[in-house]
Amino acid sequence: MPGREPDDNQSSHTQPGDSGQMSTVSTCSKTLCCRTTSWRYRVTLLLHIGSAIAVVLRMNISLAIVCMMSEQSSNVSQVSREFDWDSSIQSLVVSSGGFIHFLAPMFTDALCRYMGSKRVMTTIISLSGVLTVLNPLAARISPYFLIVLRVLVGPCVGIVLALLTDLFSWWAPESEKVAMASLAYAGINVGEILVAGPTGYMCSIPIANGWPFIFYLHGAIAIVWCVVWHVCATERPEDHPFISEEEKTYIIRTRFAMEVNQEKTAPPYLSIARSKPVWGYLILMTAHASNIIIFASYLPKYISSAFQFSSEQVGLITSAIHVSRILGIVVFNFLSNSLFSRTHLAKITIRKVVQCSGFFCYTVPLLILGFLKNNIVSLTLLNIIMIGQCSPVVSAYILPLDMAPRYSGFLTAVCTSLTGVVVIPGLVVAGLMTPEQLFVTGCGSHPQGTLEEWRNVFIMLGASFTLGTVAFLLLGSSDLQPWATPPDNTDAEEKKRPVTFDL
C-alpha cells in the first residue's frame with residue numbers, strides 16, 4: 001500500500017549477485033544481539049543520554065529555586081533561606097531559559113553545514129555544562145547575572161533535538177527509525193526524572209546550603225559526556241572508525257533518500273513555507289513541546305502548593321510522575337506497531353489514530369484535574385496526563401525523517417524556534433495565573449496557589465494541545481515531499497537494495 005514502510009516480516013527479492021551481501025545485511029537486521037551491540041544503537045544510546053543531559057541543564061533551575069527560596073530542614077541540619085527574591089524575579093529566573101530559545105535553533109542548520117552535527121553537539125552541551133557550573137556563583141552575585149546564564153543555557157534542548165533528526169537521517173535504517181528516534185527522544189523524559197529525583201536531597205547537604213551541588217553535578221556530567229561523545233560518535237556511519245562493514249552496508253542500503261556522497265545544501269525555504277504537511281507537523285509539535293516545557297517548569301511548584309509536600313517529597317513525586325512519560329512512549333509505540341502489523345491502514349492514518357488516542361488521554365484528565373482536591377486522584381490523573389502527552393513522539397516527531405530526511409534537522413530547528421516563541425508568553429502567563437504560588441516555602445506559612453488559578457493554566461494547556469491535534473489531522477502527511485527529493489533520485493525505492501526487515 002502506498003505510504004507504508006515494508007512490513008517487518010516481509011521478504012524482498014534480491015538483485016542478482018547480491019546474495020552474499022544480502023546474507024550479512026539480513027543477519028544484521030534480524031539478530032537482536034546484533035542490534036543492541038551495533039554502533040548505530042550505541043550512537044542512539046549516546047544521543048539518549050545527551051538528550052537527558054540537555055533537559056537536566058535546562059530544567060534544573062525549576063527545582064533548585066524551590067530550595068533556594070525555601071527554609072529546608074533535614075535530620076542533620078537546619079538550613080535557612082538564602083535568597084529573598086520577589087515573585088517577579090523568581091518568574092524571570094524560571095522562564096529565562098526560553099528568552100532566546102526561538103533564535104538559536106535557527107542557526108543550527110547553518111552551523112551543521114559548516115561544522116557538522118557532531119561538533120555542534122559537542123560544543124553546545126560542553127558550553128552549557130560550563131555555564132551551569134557557574135550558576136551558584138552568578139546567583140550569589142546578582143539574580144540578573146543568574147538570569148543571563150540561564151538565557152544562554154536555555155537553547156540547549158532545542159538545538160539538541162534538531163541535531164537528533166539530522167543525525168538519524170544518516171544513521172537510521174528505514175525500518176528502525178521509529179525505534180531509534182523514540183529511544184533518543186525518551187532521554188528527555190529520563191532527564192526530567194533525573195533532575196527531579198536527587199535534587200531535593202542535594203538541597204539537604206549541609207555544605208554551602210546544599211543547592212549549589214545541583215549545578216555542580218549536572219555541569220560535570222555534561223562535560224564528561226562530551227568527551228565520550230567526541231571519541232565514540234561520527235556524523236555518518238561511512239566515517240565511523242569502528243563500525244563493521246556489514247552494519248555500514250546495512251545502514252547505507254536501507255536508510256531513506258540519503259545518498260552516500262550527498263552534500264548538505266541550503267533548504268528550499270519557500271517550498272517549505274508553502275508545504276501544508278510541514279505546517280501540520282509544526283503546529284502539533286510546537287503545541288506538544290510548549291506543553292512539556294510549561295508542565296515541567298511549574299509541576300514542582302504545583303505539587304508543592306497543592307499537596308503541601310517538602311522539597312524532598314516534591315522531587316520524588318515529580319520523578320515518579322515523569323516515569324509515566326516513558327511508559328507513554330512504550331504504550332503508543334505498541335499501539336502503532338499493532339495497527340501496522342494487524343491492519344492495512346496507511347502509515348499516516350496509523351499515526352493520526354495514535355495522536356487522537358493521546359489527545360483524549362491528555363486533555364480529558366487535564367480538565368478534570370482543575371476541579372479536584374483529592375490528592376490520590378489528582379496524582380493518578382497527573383500520571384495519565386503524562387502518558388497522553390507522549391503521543392506526538394510516536395505520531396509526529398519523526399515526520400521530518402519521512403517528509404524530508406535531507407532537511408530533517410532544519411525542520412526540527414524551525415519547530416523548536418516556534419516553540420520558543422510560544423513558550424515565552426506561555427511561561428509568563430502561567431506565572432501570572434498563579435501569583436500566590438510563586439512564594440513557596442515548603443512549610444505552609446505563606447499563601448499558596450489556589451485550585452482556581454491552576455484550573456486556568458490547565459485549560460490553556462488543553463486548548464493548545466487541541467489546536468495542535470486538529471492541525472495534524474487536517475494537514476499531516478508522511479509522504480516524501482517533492483522539494484526534498486535528492487537531485488539524482490528518480491525513485492527513492494529503486495535506489496535502495498531490497499532487504500529483509502525483522503523488528
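Q: How many aromatic pairs does the structure hold?
A: This is a predicted model, in which local features need pLDDT of at least 70 and side-chain atom pairs count only at pLDDT 80 or more, while totals for chains, interfaces and linings use all residues. Residues are numbered from 1 along each chain as its sequence is written, and side-chain values use heavy atoms, with hydrogens and water left out. Rings of Phe, Tyr and Trp (its six-membered ring) pair if their centres lie within 6.5 Å, with planes under 30 degrees apart counting as stacked, over 60 as edge-to-face and the rest as tilted. On that basis, the number of aromatic pairs held by the structure is eleven.

Q: What is the angle between the planes of W211 and F215?
A: Both W211 and F215 are buried (under 20% relative accessible area, where exposed is over 50% and partly exposed in between, with a 1.4 Å probe and protein chains only). Their rings form an edge-to-face pair at 6.1 Å centre to centre, and the angle between the planes is 85 degrees.

Q: Which residue lies over the face of W39?
A: A charge sits over a ring if NZ of Lys or CZ of Arg is within 6 Å of the ring centre and within 35 degrees of the ring normal. At 4.7 Å from the ring centre of W39, the residue over its face is R42.
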